[in-house]
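Please go through the model shown here with the text alongside.

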Amino acid sequence: MHLTRLRLAGFKSFVEPTELRIEPGLTGVVGPNGCGKSNLVEALRWVMGESAARQMRATELDDVIFAGTAARPARNFAEVALALDNPDGLAPAPYRDQAQIEVVRRLPRGGSSAYRINGRGARARDVKQLLADAATGARSTAIVAQGQIGAFVAAKPTERRGVLEEAAGVAGLYSRRQEAESRLRAADANLERLDDVLATLATQRQGLEKQARQARRYRKLQEQLREAETALLALRWQAVAAAEAEARQAVRAAQAAEDAAAREAAHAAKLQADAAAALPALRKAEAEAANAWQRLAVERDRKSEEAKRVAAEQTQLAGRIASLEGDLKREADLAAEAAAALAALAAEATGLEAEQDAASARARR
């Protein structure tokens, strides 16, 4: 694969969309100091996935967005697109059959970077992997900055190994190897943790078996309880059915009583109507009876007074009769005494006459 085009918009000093074509052969950018030559290299590093602001000669990543001047306002985002030519199909599997590959990185102010490969969203890892297979990248030795030649000469064997791997085109395989090794280490850690988890689960198994036995016993008791509740509900249903039958019978009786009461009420209403019709005559009779009662009351009062007077006279007459009876008794007693005295006098007279006759007889002798 070959780099064919670099397009910048809002990146550092490139406020307007700018496109740099990288033609076959030697492509160079010549200009005075401060014209932005280094910004092209940093844009190339940035679109390849560089995330360290120090490598961009900035304090934070938002510093790569055009900050504005006295004549131009600041931009709200920075975007860099890198086009790669893939005529031989040496790109990784997802892009092997595509003749052109375009990698785009876009950074809004205050946000996070978003990558696209041929218009589809991608991760920074996917971009780095794609470029590693092409023997390049943000930290590739193919991009030589100021002062790096001396660093390459004085590099350690391990550092030179990275240069040789990149030159041999196996950097992508090495990065995949590192990723695979990191995954294997993570898998080993997961296996160790799995052993711990299995040991923990083994200790929990006994408790779970006990809980399972309790659960089986609980389910059995639940079934027995449901059967008992079913029987109880059946009995309650029978009782409710009997109560409902009694209630229906009571309702029928109440309806019959209601009908009888309605008939009685109708009869009472008729009687009330009849009574209301007869009420004037009764009121007249009542008035006449009241007048008669008034007259009788007056007569009663008069009779009562007369009775009191007669009673007083009777009392007086009774007193006089009692007095007369006392007088009669006293006279009777006097008459009895007189009769006794007369009898005594008659007896005495008889005796005197007898004595006188005796004396006369003696005298005649």
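A residue is called buried under 20% relative accessible area, exposed over 50% and partly exposed in between, using a 1.4 Å probe and protein chains only. The model is predicted, so local features need pLDDT of at least 70 and side-chain atom pairs count only at pLDDT 80 or more, while totals for chains, interfaces and linings use all residues. Residues are numbered from 1 along each chain as its sequence is written, and side-chain values use heavy atoms, with hydrogens and water left out.

Arg 5 lies in strand S1, strands being DSSP E runs of at least two residues and helices H or I runs of at least four, both numbered from the N terminus. Arg 5 counts as partly exposed because its relative accessibility is 22%. Its C-alpha atom is separated by 4.5 Å from that of Arg 21, which is 16 residues apart from it along the chain. Contact means heavy atoms within 4.5 Å. Not counting residues up to four places away in sequence, Arg 5 touches Glu 19, Leu 20, Arg 21, Ile 22, Ala 81, Leu 82, Ala 83 and Glu 102.

Leu 3 is also found in strand S1. With 25% relative accessibility, Leu 3 counts as partly exposed. Leaving aside neighbours within four places in sequence, the contacts of Leu 3 are Ile 22, Leu 44, Met 48, Leu 82, Ala 83 and Leu 84.

The protein chain as a whole has 5 helices and 6 strands, in the order β-β-α-β-β-β-β-α-α-α-α from the N terminus on. Of its 365 residues, 17% are buried. Among contacts between residues at least 6 apart in sequence, 58% join residues at least 24 apart.

Helix H1 is mostly covered, with 8 of its 11 residues buried. These are Asn 39, Leu 40, Glu 42, Ala 43, Leu 44, Arg 45, Trp 46 and Val 47. After H1 comes Gly 49, with a positive phi near 115 degrees.

A nonpolar core is a set of buried Ala, Val, Leu, Ile, Met, Phe, Trp, Tyr and Cys residues joined through side-chain atoms within 4.5 Å. The largest such core has 29 residues, and Phe 11 and Trp 46 have the most contacts inside it. Two or more residues each come from strand S1 (2-9), helix H1 (37-47), strand S3 (77-85), strand S4 (100-108), strand S5 (114-117) and helix H2 (124-133). H1 gives the largest share, 5 residues. Beyond four places in sequence, the residues that Trp 46 touches include Phe 11, Met 56, Leu 61, Val 64, Ala 78 and Tyr 115.

What lines the second largest pocket? A pocket is found on a 1 Å grid over the protein atoms alone, as an open set of points where a 1.4 Å probe fits, with protein on both sides within 12 Å along at least five of seven lines; lining residues have an atom within 4 Å of a point. Of its 14 lining residues, Pro 94, Tyr 95, Ile 117, Ala 122 and Asp 126 are the closest to its centre. Strand S6 (120-122) and H2 each supply at least two residues of this lining.
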